[in-house]
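The sequence and the structure come first.

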Amino acid sequence: MVRSILHLLPLLQWFLVFCSVFSPASAKRAPYAMRINCGARHDVHTEPTNTLWYRDFGYTGGIPSNASLPGYVSPHLDTLRYFPLSEGPENCYHINRVPQGHYSVRIFFGSVKSKSDDLEPLFDISVEGTLITSLKSGWSNQDDQVFAEAQVFLTDGSVSICFHSTGHGDPAILALEILQIDDQAYRVSQQSGQGIILRTVSRLSCGDGKPKFGADYGGDPWGGDRFWSPKLTFGQSADRAISTETSIKQVSKPPNFYPAGLYKKAIVSSDSQPDLEYTMDVDPNRNYSIWLHFAEIDPAITGVGQRVFDVIINGDIAFEEVDVVKLSGDRYSALVLNTTVPVNGRSLTITLRPTKGDHAIICAIEIFEIIFAESKTLPDEVKALQTLKTTLGLPVRLGWNGDPCVPQQHPWSGADCQLDRNSNKWVIDGLGLDNQGLKGFLRDDISKLRHLQSLNLSGNNIHGPIPTSLGAIPSLEVLDLSYNSFNGSIPETLGQLTSLRRLWDILSCFFLNLSS
C-alpha cells in the first residue's frame, strides 16, 4: 500500500502544480502599481504592509528635502520634493511605460521640515492636463485631505501629474501612487470611459472608529488600496454603531472589488431619530457620483420586509423602498447603489428615511466629483515648444512643464491657445517671448507650430540664421524678431506668408505696415 502511494506521489505533485497554475486565483494577473517616494535617493519599504516605494524620478525640477508628515494616514516616508516659484509656476512628474488602462492616481502632500515658516502651501493639481483639485486652507489638519485622488484612463503609455503655484506657498509633494484598477470600475453611465475623470471627494466607513486603507481590510489589489475615513456617528446622538463577525457574501467582486470588512460595521438609526442623515460641504455647480453600501448585519432583522427605507439626496428621492435583504438576496450580503446628482449649492445631504420598520442602516458612502477630461495640445506642437525651450535657453522661472494649454487655468507663460474644432485638440496661435533674456537659436521645426498667428521674440539675444521654415506657417499674421543677433540674409520664404499683416525689421524696431 505504501509503495502504491509513493508511486503516485509524482502524479499528485504534478496535479497540485497544474491546479495552482491554472486556478482562477493564479490566472488573474496583479495590477500595475507604481509608488514614488518623492525626494528619496533609494527605494524604501514601509510597515506594516512592507509596501515598496521607489526612489524619486520623473520630475521636472524642484528641491528634495526632509519631510514633516501632516497626517496619520500619510505614508511614513522621510523625504519630499518641493517646487519654489523660482523654478517656474508649474512643475510635473512624467512617468513613462505605464500600461494602457484605468488608474487610481493619488498624490500625498507634505511640509518641508527645515523651513522656518509654517505656511500651509495651497496649490492646484492636474492629471493628464485636467485640473482635479485646488488645495483649501486647513487641509493639513484633516486626514482625508492630505492627499488628492482621481480615477483616470491612461492611453498613451505615460502619466503626467502637475502642480501649479497659486502664490500661496511652494507645492510640496510627499509621494505619488499610480495604481491600476478594473477598466469597468466606477462606471457612472454607459457612455462613461476615457473622457471622464472621477475625483474622490469622500469615502466613509460607517460605524468604524479607525481610518483604513484597502490593505488594512485585506482587500484585493485591483480595488486600488482605497482609503476609508472612519465615521462612528452622523452626529445624531440617537444613532449607533453595530458590527458583526459573520462572513459577508457578494464581496470582492469585479469591477470594484469592495472588501468584506467594509460591510461588517454599520450605523443604524433609533426610535427617537428614525432618519439617518449625513451632510457635507461640496463645490457648487458640479455633478457628483454617489455610491451607497449596505449589508443587513443587524441580528434583529431576520427577513424581507422588516427594514425598508427611501434614500433622499438634497430633498429628492434617489432610491425608493430600499429593502437590503430583498435586493442583496440575503442577510449578511453586500448591496451597492449608485446614482449621479447635480448639486448647485454648497452642501450635499443624504437622508435614509424608514418606510417600514423604524430604523435605517448604512455601511459606507463614496462621493466623487465627475470631471470631463480636458482635450490636450497637439503632440507635434508640444514637441516644437519643448525644442524651443531647449534651443532658446528658456529661463527656469517660466516653467513650461506639462501641457502648454491645459489645464486652461494654467497655460504656459507667453503661449496663447485656441481649440481646433477639427481635431478637438488645443493648438498654439500666439507666442510672446519678448524681453525674456533668450540667448539660443531658432530651429527649423518651429514650423510645426503651424497654427501660429503671432510670433514675438523681440528684445532677446537670439543668434544664428532666421529659419527658412518660418515661411511655411501660412496663418502667421504678426512677426517681430527685432532687437536680436540674427545673422545671414532674410529668407525669401517669408514672401510666402500671404497672411502677414505686420513685420518688424529683424535688426531694429523699424515697423513695416504691409497692409499699406
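At 7% relative accessibility, D298 counts as buried, where buried means under 20% relative accessible area, exposed means over 50% and partly exposed lies in between, with a 1.4 Å probe and protein chains only. The model is predicted, and local features need pLDDT of at least 70, side-chain atom pairs count only at pLDDT 80 or more, and totals for chains, interfaces and linings use all residues. Residues are numbered from 1 along each chain as its sequence is written, and side-chain values use heavy atoms, with hydrogens and water left out.

**Salt bridges**

The side chain of D298 meets that of R240 in a salt bridge of 3.8 Å, N to O, the term standing for a side-chain nitrogen of Lys or Arg within 4 Å of a carboxyl oxygen of Asp or Glu. D298 lies in the loop between strand 20 and strand 21 (308–313) while R240 belongs to strand 17, so the pair ties together parts that are 58 residues apart in sequence. R240, at 39% relative accessibility, counts as partly exposed. Strands (E, at least two residues) and helices (H or I, at least four) are DSSP runs, numbered from the N terminus.

By this rule the count comes to 24 salt bridges, among them the following.

| Pair | N to O distance |
|---|---|
| D283 and K136 | 3.5 Å |
| D283 and R199 | 3.9 Å |

D283 sits in the loop between strand 19 and strand 20 and R199 in strand 14 (residues 196–206), so this pair ties together parts that are 84 residues apart in sequence. Both D283 and R199 are buried. A network of salt bridges links R35, R106, E149, E177, R203, D225 and E366.

**The loop residue N256**

N256 is placed in the loop between strand 17 (240–243) and strand 18 (265–268), and N256 is buried, with a relative accessible area of 8%. Its side chain reaches the backbone nitrogen of Y186 at 3.0 Å. Leaving aside neighbours within four places in sequence, N256 is in contact (heavy atoms within 4.5 Å) with A185, Y186, G223, R226 and W291.

**Helix 4**

The 13 residues of helix 4 (residues 379–391) should span 18 Å at 1.5 Å a residue, and the end C-alpha atoms are 18 Å apart, which agrees; the expected span is 1.5 Å times one less than the number of residues. The buried residues of helix 4 are E381, V382, A384, L385, T387, L388 and T391, and what covers them includes strand 28 (425–432). Just after helix 4, G393 takes a positive phi of about 60°.

How values were computed:
Polar contact = N/O pair within 3.5 Å; in protein donor to acceptor, adjacent residues only side chain to side chain.
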